[in-house]
Amino acid sequence: MAIATGTLTDRHLINTGTLALRFDVYAWTPTLPDPYVGNFHICRPDIDRPRALLGALVRWTTLEAAQVNFTGEVIPTALSSDSRDSLRPENLNHCHQEMEVLMAIEITRTDMSTSELRAAAARTKDAKAVRRILAIALVLEGADRKTAAEACGMDRQTLRDWVHRYNAEGITGLSNRYWAGPTPLLNSEQKAELARMVREGPDLEADGVVRWRCVDLKRKIEDRFGVVMHERTVGKQLAALGFRRLSVRPQHPKSDPLAQEAFKKTLPRR
């Protein structure tokens with residue numbers, strides 16, 4: 001329903017006016033950027049009345065510019081007496097199937113036949129990639145997307161996503177992609193330089209310490225390589241290079257080694 005108000009000119013134009021629009025909503029489809037498209041609540045066959053009401057208000061003062069105020073609300077509404085024979089349930093039974101056909105992504109890569117795809121699946125050790133290859137083979141053989149997806153343990157939307165990957169990259173694109181992890185703080189040359197510094201030990205005049213601690217190496221790494229890392233991260237770097245923290249056995253300052261040896265000789269033999 002639309003209601004327009006304003007001043008009508010001789011050319012049957014409204015230079016300044018207001019247009020109120022009302023939309024009866026029977027079904028709605030939440031959508032996301034392609035290829036992720038929500039395919040639920042599409043033309044449900046049990047629809048016999050509008051489920052909601054949308055309103056918009058358009059104002060303009062010139063023919064070139066208009067201000068649109070969309071309410072953005074989904075307001076439940078009761079059954080009205082408007083004619084909507086084209087949206088009766090008996091005319092909507094085929095709508096869901098037509099939407100699935102429109103949303104299906106065509107398999108454009110034809111360098112491998114269905115038999116070659118099945119042979120490649122037999123040679124593949126990745127079980128997940130095998131299911132995706134067989135699903136695409138079923139589609140190429142004429143099976144509908146829903147049947148092919150369910151036969152290979154996935155839903156139709158997931159199969160649609162893998163068809164995108166197959167069209168772009170082929171069979172290699174049907175395997176999971178693994179993240180290589182964060183970029184190492186030190187490259188191979190810097191790690192070799194760090195290992196050399198630890199083996200040679202510190203310079204008392206230059207470094208001010210007689211033995212390396214993680215906190216000392218933290219400052220050394222920051223000065224030498226310009227890399228800032230936590231003291232605990234320095235310990236992890238040393239462990240990855242094969243270094244271990246060693247400490248001498250504690251000894252009492254007033255201990256007498258000769259008395260200890262004499263005491264050991266008096267002990268009974270086991």
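The model is predicted, so local features need pLDDT of at least 70 and side-chain atom pairs count only at pLDDT 80 or more, while totals for chains, interfaces and linings use all residues. Residues are numbered from 1 along each chain as its sequence is written, and side-chain values use heavy atoms, with hydrogens and water left out.

## The chain as a whole

The chain holds eleven helices and four strands. Helices (H or I, at least four residues) and strands (E, at least two) are DSSP runs, numbered from the N terminus. Of the 270 residues in the chain, 25% are buried. Buried means under 20% relative accessible area, exposed means over 50%, and partly exposed lies in between (1.4 Å probe, protein chains only). A contact means heavy atoms within 4.5 Å. Among the contacts in the chain with a separation of 6 or more, 54% are between residues 24 or more positions apart.

## Helix pairs

Angles under 35 degrees count as roughly parallel, over 145 as roughly antiparallel, 65 to 115 as roughly perpendicular and the rest as oblique. A crossing is left-handed if the near helix is turned anticlockwise from the far one by less than a right angle, and right-handed if clockwise. For residue classes, Ala, Val, Leu, Ile, Met, Phe, Trp, Tyr, Cys and Pro count as nonpolar, Asp, Glu, Lys and Arg as charged, and the others, Gly among them, as polar.

Helix α3 (residues 114–123) and α4 have axes that come within 9 Å and cross at roughly 165 degrees. The two helices are therefore roughly antiparallel to each other. The crossing of α3 and α4 is left-handed. On the α3 side the contact is made by Thr114, Leu117, Arg118 and Ala121, and on the α4 side by residues including Val130, Ile133 and Leu134. By class, this contact has nine nonpolar, one polar and one charged residues.

Helix α4 (residues 127–140) also packs with α6, at an angle of about 90 degrees and with the axes 10 Å apart. α4 and α6 are therefore roughly perpendicular to each other. Arg132, Ala135, Ile136 and Val139 of α4 meet Leu159, Trp162 and Tyr166 of α6. The class count for α4 with α6 is six nonpolar, no polar and one charged residues.

Helix α6 (residues 156–169) also contains alanine 168. Alanine 168 is exposed, with a relative accessible area of 57%. Its C-alpha atom is separated by 9.1 Å from that of threonine 108, which is 60 residues apart along the chain.

The axes of helix α7 (residues 188–200) and α9 come within 12 Å, crossing at roughly 135 degrees. The angle makes α7 oblique to α9, and the crossing is right-handed. Gln190, Glu193, Leu194, Arg196, Met197 and Val198 in α7 are in contact with Leu217, Lys220, Ile221, Arg224 and Phe225 in α9. By class, the contact of α7 with α9 has six nonpolar, one polar and four charged residues.

## Salt bridges

A salt bridge is a side-chain nitrogen of Lys or Arg within 4 Å of a carboxyl oxygen of Asp or Glu. By this rule the count is ten salt bridges.

| glutamate 169 | arginine 177 | 2.1 Å |

In the pair of glutamate 169 and arginine 177, arginine 177 is exposed at 56% relative accessibility, while glutamate 169 is partly exposed at 35%.

Aspartate 207 is partly exposed, with a relative accessible area of 25%.

Aspartate 216 and arginine 219 both lie in helix α9, three residues apart, about one turn of the helix. Aspartate 216 is buried at 5% relative accessibility, and arginine 219 is partly exposed at 45%. Salt bridges that share partners also join Glu193, Arg196, Glu200 and Arg224 into one network.

Note on methods
Axes are lines fitted to C-alpha atoms, for helices over the stretch in contact, and angles run from 0 to 180 degrees between N-to-C directions.
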